[in-house]
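Hi there,

Here is the structure I promised to pass on to you. Have a look at it first, and then read on for what I found in it.

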Amino acid sequence: MEALWHALFAPGFFTSQPVRQAVLVGGVVPIVAGAVGVFTVLRGQSFAGHSLSALGTLGGSGAFLLGITPLWGILTCGFAVAGVMELAGTQRRRGRDVATGLVLSTALGVSALLLYLVTMSGSTTGVTVTLLFGSLFALSGITVPAMTLLALVCLAVLALLYRPLLLSSVSPELAAARGVRVRWLGLAFLLLLALAAALCSVAVGTILSTALLIGPAATALRLTRRPARAMVLAGLVGVVSTWIGVVLAYDSYLWPPAGKGWPVSFFVVAVILLCYLLAGFAPAARRGSGRAGPTGRAGEQPSSGPREPLTPARLR
Amino acid sequence: MSGSTSGETSEHGAVLDIEGVSVWRGGRQILDEIGFALEPGEFTGLIGSNGAGKTTILRVVMGLLAPTQGRVLVEGKPLTRRHRSVGYVPQKLLIDPDAPVRARDLVGLGLDGHRVGWRMPSRERQRRTEEMLEAVDASRFADARVGELSGGEQQRVLIAHALVGRPRLLLADEPLANLDIRSGQEIVDLLARIAAEQQIAVLLSAHDMNPLLPVMDRVVYVAGGRVAAGTTDEVVRTEVLSRLYGHPVNVLHVDGRVLVVSGSHVTVDAGAVMDTGAGMDTGMDTGAGMDVGVDASVAAAERR
């Protein structure tokens, strides 16, 4: 029994300060990511979330060069980009795609330069990897309390806006008809998304941030039909995945090549993917559930155009 | 069609009163001094082809578009943005099948979807949601995701969403456009029943008035940004619609159906009537156009 315990939690796990920080952040950030993530998926803004995360690289590397904690750089950059996205969103759809693509690639290009400068500046070779792929074990002083506080703020605002946000996510048209200021609400959500993406970026890196934001949400959509329950479930999936990732990463110090732990983010993302795949077996994932009696009614089938006749050409 | 007395509308009791409303957008006039009133319990069809101005009228009534001139009164009071006494049913929902929103969630949001703040769902909220789902015969699929519902089922849920807040006026934007004939007829019957039972004014927009003829108390006919309002017998007449369109049109009655065709070419010759199929204004898609062409030629043959 004790042997198993030690195999699971390598010696020193419960006394290590970095582990404690990782567990705390891993218990808070995924909750925010889950709730925001479900709205993101519902609103079809996964790409916006990904862009915000990717652009965090620019803010993070810039902040490091200036000697500021990367979190602030990522956050500032995210808010600025969210504002630009909202402005661009008022124009035509095609123009928006072009603008997003152009801004995204330009920003990543500049990030490449900044990361190069960071590497050249000497002693800090690990920064690039930390920024891109995160490290829950390497969070500096102010970062942990700041992240916790920001996460709570994000959750509070989300709870306040919950109903109008849900309605406008289902249908902006319905929300507008009820007097909801759909545009302001869209901007508010984009800022919350930037905040959540920044928190995820610090936790698992700017590149893998999307996995923590979207993965648990996508898993939850397979498990439940209720909006609030989906958000709670997504949060739980995220927290459990992160904690399992932390345990495995700590254990991996003893794995080959010994003496160097495997990246935490790898484990976290791997567990999230596993959860998503397992959720595919859940009964709630099946279509047509939630109906009383026999599914469907005669004459109620959606009529999507005339049916194609079975011509000889089609039979061949 | 109906025995409703109209022509003059009483100032008192009108749920909606539109007076001399014009809308200009981008240097173009979309509505030209339109006016009509809706009474409680009446089912009114807002009829016109695409681009005639139906959607603009609905947006004005919802308070989403301020008229350039004229005034809109809802229950005798000037329209504000948050007008609780107007319910709205959109044409369809663009939502993924796996979105975690059940039919009952959407109906519940009809009560408090505009409210900021956090509150535990109350028993009263649940009761009214349940009641409304029952009223539109949607209880069977109340727990299904809205994205998975068929067009007709979605319309029922959307109607429940609009009605659960107890509006006095219900607006439905082309609800029949995405439905097969049978589901469409069910939705029309449902809305007519609701109008009568709950004393709500229902304004339903459509490009074809025929599915509405059995239940429609009044018609607001839209063409070129102007309207003619009254009972179908008063409005859907050759001289009234010709004046509205500004060019001659013919109103034909065929087997209880009404056809409005461009009038200048109508002769007893069936071939010439086929030509008018292109100018008719009841059905927009080519399928309906063919249909009218054939019906019109039948009418011409009967006249002969």
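Let's begin in chain B, where strand 6 and strand 7 run parallel and are joined by 4 bridges. Helices (H or I, at least four residues) and strands (E, at least two) are DSSP runs, numbered from the N terminus, and two strands pair if DSSP finds at least two bridges between them. One bridge links Val86(B) with its partner Leu169(B) in strand 7 of chain B.

Before going further, please keep in mind that this is a predicted model: local features need pLDDT of at least 70, side-chain atom pairs count only at pLDDT 80 or more, and totals for chains, interfaces and linings use all residues. Residues are numbered from 1 along each chain as its sequence is written, while chains are lettered from A and ligands numbered from 1 in the order in which they are written.

**The sheets of chain B**

Strand 1 (residues 16–25) and strand 2 of chain B pair over 7 bridges in the antiparallel sense, and Trp24(B) stands opposite Gln29(B) in strand 2 of chain B.

For the chain as a whole, the count is 9 helices and 12 strands. Of its 304 residues, 47% are buried; a residue is buried if 20 or more other C-beta atoms lie within 10 Å of its own, exposed if 12 or fewer, and partly exposed in between, with C-beta atoms placed from the backbone.

**Two residues with a positive phi**

Most residues other than glycine have a negative phi. Glu174(B) is not a glycine, yet it has a positive phi of about 45°. Glu174(B) lies in the loop between strand 7 (169–172) and helix 5 (181–198) of chain B. Is Glu174(B) buried or exposed? It counts as buried because it has 20 C-beta neighbours inside 10 Å.

Asp255(B), also not a glycine, has a positive phi of about 50°. Asp255(B) is in the loop between strand 11 (249–254) and strand 12 (257–262) of chain B. With 8 other C-beta atoms within 10 Å, Asp255(B) is exposed.

**Where the chains meet**

In all, 37 residues of chain A are in contact with 38 residues of chain B. Two residues are in contact if their C-beta atoms, placed from the backbone, lie within 7 Å. Helix 7 of chain A gives the most to the side of chain A that touches chain B, with 9 residues.

Helix 7 of chain A bends by about 65° at Tyr162(A), and a proline, Pro164(A), follows within four residues. (The bend at a residue is the angle between axes fitted to the seven residues ending there and the seven starting there.) Arg163(A) is in helix 7 of chain A too, and is buried, with 23 other C-beta atoms within 10 Å. Leaving aside its neighbours within four places in sequence, Arg163(A) is in contact with Leu109(B), Asp112(B), Gly113(B) and Arg115(B).

Enjoy exploring it!
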